[in-house]
Amino acid sequence: MIHFKIIYKILGSLLFIEASLMICCLVMALCYNEDDLFAFIVSVITTLFCAFVLRHVGRNADNFLSLRDAYLVVTLAWMVFSLFGTLPFIISGYVPSFTDAYFETMSGFTTTGATVIDNVDILPHGLLFWRSLTQWIGGLGIVFFTIALLPSMVGGSVKVFSAEATGPINSKLHPRLSMSAKWIWMVYLVLTAACFGCYLLGGMNWFDGLNFSMSTTATGGFATHNESISYFHSPTLEYVCTVFTFLSGVNFTLLYFSAAKFKFKQLFSNAEFRFYLLLIVSFSLFIMLELIIRNHYDIEHAFRSGIFQVVSFITTTGLFNDDAGKWPHVTWVILAICMFFGACSGSTSGGMKCIRGVMLLKIIKNEFRQILHPNAVLPMKIDGVNVQQQKRVTLLAFLTVYLILCLIVSFTMIAVGVDNTNAITITLSSIGNVGPTLGIEIGPTMSWSMLPALVKWMCSLMMLIGRLEIFTVLVIFTPQFWKEN
């Protein structure tokens with residue numbers, strides 16, 4: 001059975017954290033004395049009131065979560081966080097539609113970065129900071145952040161982590177999950193601080209630097225200007241963004257062991273990292289040649305645009321320094337493949353994850369060997385560790401459901417009038433938490449405001465499903481989940 005009291009208790013605690021984040025934005029609005037001040041005051045009061053109510057309802061709950069409770073609380077946490085996150089947008093009047101406000105907030109927390117706001121430049125500083133903060137907190141996970149901050153909040157932390165973690169293979173820094181969470185968040189903070197410092201040295205003001213550093217390391221994509229990073233017309237800033245986006249797409253546990261402990265050989269001996277690097281190098285060179293030959297870019301411009309967009313798409317960041325909608329259509333195929341794969345597991349990126357790509361290649365290799373040696377028992381090893389048969393079955397199930405969802409949602413979008421290319425890339429962008437799309441009606445530098453309300457709700461759901469790696473959300477809709485035994 002589901003233990004609802006502990007779920008209410010956890011959701012109440014999470015809302016206290018969300019109210020604290022809103023207070024940070026309230027201070028920002030107060031500093032600039034803009035018209036979003038009242039919106040944040042009301043949002044903070046409303047969120048705190050609901051947090052107190054939920055904590056009161058769950059006050060006598062046992063401090064233990066079952067596996068079913070963990071799946072439900074993680075899904076509800078993201079939905080509730082997004083629900084209350086709409087308040088500043090709606091109350092301020094800058095995004096009056098609840099559908100649009102929920103889409104924008106879900107896009108932020110899931111680090112998708114797709115926006116329905118046509119003119120970001122008119123937003124007050126408090127709201128701009130709120131958009132950046134949503135994706136920065138969502139980068140490593142709302143509940144994962146809570147485990148690091150409040151390790152004693154629930155007795156089933158490991159189950160919660162498993163429900164929210166990205167990738168099929170989870171690795172830990174420390175036997176205690178709360179300590180691992182703290183170390184990973186330290187890596188995240190160091191990356192963000194270093195990125196912020198480099199942006200300042202590159203010529204950004206402190207506000208843009210802070211927002212772009214959160215957007216970059218969270219691989220989110222929200223920007224403080226309509227033109228994204230291209231607003232600054234600075235190759236230096238574009239290279240800085242490329243480097244930190246690339247690093248944010250690496251498994252944070254691997255990044256800690258290799259960088260903090262100076263074991264860089266371990267980084268390049270990792271199969272997933274090598275696959276990630278291979279995709280980026282090969283795709284960047286291909287697009288670079290296409291831009292030189294067909295669009296007549298000079299070599300440096302072609303290299304910078306190519307590698308920036310490939311890294312941005314494969315890490316599912318969505319920042320842009322060029323309009324890929326004007327590139328040769330063959331480059332759209334490459335960028336769509338980047339959308340599909342994503343970066344490394346255990347990072348802030350979305351997509352299918354490179355580790356699953358490595359596993360699929362090894363399964364295919366084993367299948368060819370099995371044909372020649374039918375009676376052979378073939379292990380599948382990644383970095384010297386044998387992958388259990390159950391994980392291989394889960395991988396194939398994941399890929400199957402991923403593709404089925406893409407087909408259903410793309411078909412529905414085409415049926416309601418979205419053009420074919422946009423329908424496919426919007427679906428890939430939503431489930432992969434990428435942000436930009438490729439097509440005729442909506443380009444990679446445009447907002448999604450023209451989409452019908454039904455499509456926006458579908459995209460919001462796909463963002464959540466993609467961020468929580470499909471099964472965490474879908475298992476809730478199975479009859480077995482709600483049965484007593």
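Student: At which residues does UniProt place the feature "binding site"?

Tutor: The model is predicted: local features need pLDDT of at least 70, side-chain atom pairs count only at pLDDT 80 or more, and totals for chains, interfaces and linings use all residues. Residues are numbered from 1 along each chain as its sequence is written, and side-chain values use heavy atoms, without hydrogens and water. UniProt positions follow this numbering, with shortened feature names, and annotations may be inferred rather than shown by experiment. The unreviewed UniProt entry gives Thr-111, Thr-112, Gly-220, Thr-316, Thr-317, Asn-433 and Val-434.

Student: Why can these residues be said to gather at one spot?

Tutor: They span 324 residues in sequence.

Student: Is Thr-112 buried or exposed?

Tutor: Thr-112 lies in the loop between helix H5 (98-109) and helix H6 (125-140), helices being DSSP runs of H or I with at least four residues, numbered from the N terminus. Buried means under 20% relative accessible area, exposed over 50%, and partly exposed in between (1.4 Å probe, protein chains only). Because its relative accessibility is 0%, Thr-112 is buried.

Student: Which residues does Thr-317 touch, leaving out those up to four places away in sequence?

Tutor: Thr-317 occupies the loop between helix H15 (299-314) and helix H16 (329-341). Contact here means heavy atoms within 4.5 Å. By that criterion, Thr-317 touches Thr-112, Ser-215, Thr-219, Gly-220, Gly-221, Thr-245, Ser-312 and Val-434.

How values were computed
Helix = DSSP H or I, 4+ residues; strand = E, 2+ residues; numbered from the N terminus.
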